[in-house]
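Please find below my notes on the model you sent for comment. They are set out as numbered points, so that each can be checked on its own.

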Amino acid sequence: MDTLLFALNAILPIILLILLGYLLKKKGFLDEDWFKKGNKLIFRVCLPCMLFINVYSISSFTDINWSVVVYSEIAIFTAFFIGLFIVKRTVPDNRQKGVILQCVFRSNFAIIGLPLAESLGGVEGKGIAAVLSAFSIPTFNILAVLALTMFVDGEDGSKADLKDVLSKIAKNPLIIGVVCGLAVLGIRSFIPVSADGSLVFSLSGSLKFIYDAVNNLSKVSSPLALVILGGLFDFAAVKGMLKEIVIGTAARVAAVPLIVIGLAVMLSKYTGLIDFDAAVYPAMIALFGSPVAVSSAIMAQEMDNDGILAGQLVVWTSIASIATIFLAVFILRAIGLL
């Protein structure tokens with residue numbers, strides 16, 4: 001029962017904020033134009049600020065468990081290529097292929113991954129998740145740009161070329177946020193920020209007011225993104241894309257976490273090929289077991305893919321993940337890994 005309550009407490013706040021956005025739109029309190037502009041605000045300002053803060057909050061790179069990082073990166077790329085194989089054979093609409101593909105490999109790690117890892121593993125679990133975020137989030141976003149570009153024609157009817165893809169990756173606000181965080185973190189590692197080690201924006205602490213402003217924007221990003229998603233959600237669209245919703249949801253919250261976490265347990269606990277202790281698995285559940293990223297719907301809208309399907313996948317993977325997170329936690333606790 002405690003495990004079920006934990007899963008509910010982890011996911012239901014997401015569902016309630018989405019529901020709030022839906023009701024605000026339904027009752028006419030906010031109109032569609034407001035939600036579309038809010039979409040741009042979240043993608044181009046608030047989420048980059050959140051990712052900057054997440055990366056810059058990492059205390060040090062010196063104690064990284066590189067086996068966890070390497071395993072996670074290999075798993076993300078493997079999920080990408082398996083998803084690519086699946087969508088090419090099961091999804092006829094090009095505007096939906098990239099949406100489902102990013103649903104397969106891209107989790108909601110930025111928004112609920114870190115708090116989920118902390119809830120499961122305490123400070124140590126959150127620390128491992130923060131380190132993984134510095135690597136996984138750029139990977140997620142680079143692959144998402146590829147996924148949302150490779151199937152959709154450009155304005156002139158041609159497929160995007162390598163230069164165009166690289167340009168979109170370099171201009172992606174989420175990647176810019178992570179890169180800026182890594183840059184400042186790299187400088188900080190050589191020059192102490194303050195005598196007491198407190199987290200500030202600048203190297204000397206004189207620009208702390210800028211850090212506070214960025215940090216405040218980062219705190220807005222998660223709840224506002226969910227409310228906006230609810231405002232753009234359309235229940236009537238479910239019937240026309242049920243097959244695609246089932247494929248994306250099953251892959252994101254069932255197949256990927258089962259394969260990736262199950263293989264990690266086998267390789268670590270039963271073969272010793274990798275060295276994962278109990279502190280690693282909260283971060284693994286958060287990275288591979290959480291629903292598809294809220295920003296995936298925002299990116300799909302911005303890059304002329306099927307934004308309606310992308311929003312549906314955020315909602316339904318969030319609902320379904322209540323059960324799958326519960327199962328993952330229950331099984332890992334039963335075998336002594338949580």
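1. The model is predicted, and local features are accordingly taken only at pLDDT of at least 70 and side-chain atom pairs only at pLDDT 80 or more, whereas totals for chains, interfaces and linings use all residues. Residues are numbered from 1 along each chain as its sequence is written, and side-chain values rest on heavy atoms, with hydrogens and water left out.

2. The chain has 12 helices and 0 strands, where helices (H or I, at least four residues) and strands (E, at least two) are DSSP runs numbered from the N terminus. Read along the sequence, the pattern is accordingly α-α-α-α-α-α-α-α-α-α-α-α. Of the 338 residues, 52% count as buried, a term that stands for under 20% relative accessible area, with exposed meaning over 50% and partly exposed what lies in between (1.4 Å probe, protein chains only). Among contacts between residues at least 6 apart in sequence, 82% join residues at least 24 apart, a contact being heavy atoms within 4.5 Å.

3. The axes of helix H4 (residues 94-105) and helix H9 (residues 242-271) come within 8 Å and cross at roughly 20 degrees, which makes H4 roughly parallel to H9. Here axes are lines fitted to C-alpha atoms, for helices over the stretch in contact, and angles run from 0 to 180 degrees between N-to-C directions; angles under 35 degrees count as roughly parallel, over 145 as roughly antiparallel, 65 to 115 as roughly perpendicular and the rest as oblique. The crossing of H4 and H9 is right-handed, in the sense that the near helix is turned clockwise from the far one by less than a right angle, anticlockwise being left-handed. On the H4 side the contact is made by Gln96, Ile100, Cys103, Val104 and Phe105, and on the H9 side by Glu244, Ile247, Gly248, Ala251, Arg252 and Val256. By class, this contact has 7 nonpolar, 2 polar and 2 charged residues, with Ala, Val, Leu, Ile, Met, Phe, Trp, Tyr, Cys and Pro counted as nonpolar, Asp, Glu, Lys and Arg as charged, and the others, Gly among them, as polar.

4. A second pair is formed by helix H10 (residues 281-289) and H12, whose axes come within 11 Å and cross at roughly 155 degrees, and the two are therefore roughly antiparallel to each other. H10 passes H12 in a right-handed crossing. Tyr281, Ile285 and Gly289 of H10 meet Ser321, Thr324, Ile325, Ala328, Val329 and Leu332 of H12, so that by class the contact has 6 nonpolar, 3 polar and no charged residues.

5. Leu101 lies in helix H4 and is buried, with a relative accessible area of 0%. Apart from neighbours within four places in sequence, Leu101 is in contact with Phe80, Gly83, Leu84, Val87, Ala147 and Phe151.

6. Beyond four places in sequence, Leu114 is in contact with Asn54, Phe109, Lys126, Ala129 and Ala130. Ser136 is also placed in H5 and counts as buried at 1% relative accessibility; leaving aside neighbours within four places, Ser136 is in contact with Glu73, Ile76, Phe109 and Leu287.

7. Which residue other than glycine has a positive phi, near 60 degrees? It is Asp304, placed in the loop between helix H11 (294-302) and helix H12 (307-334). Most residues other than glycine have a negative phi. Asp304 counts as partly exposed, at 49% relative accessibility.

8. The count of disulfides comes to 0, a disulfide being a pair of cysteine sulfur atoms within 2.5 Å. The sulfur of Cys49 is 6.6 Å from the closest cysteine sulfur, in Cys46, and this is too far for a bond. Cys49 is buried, with a relative accessible area of 13%, and Cys103 is buried as well, with a relative accessible area of 1%.
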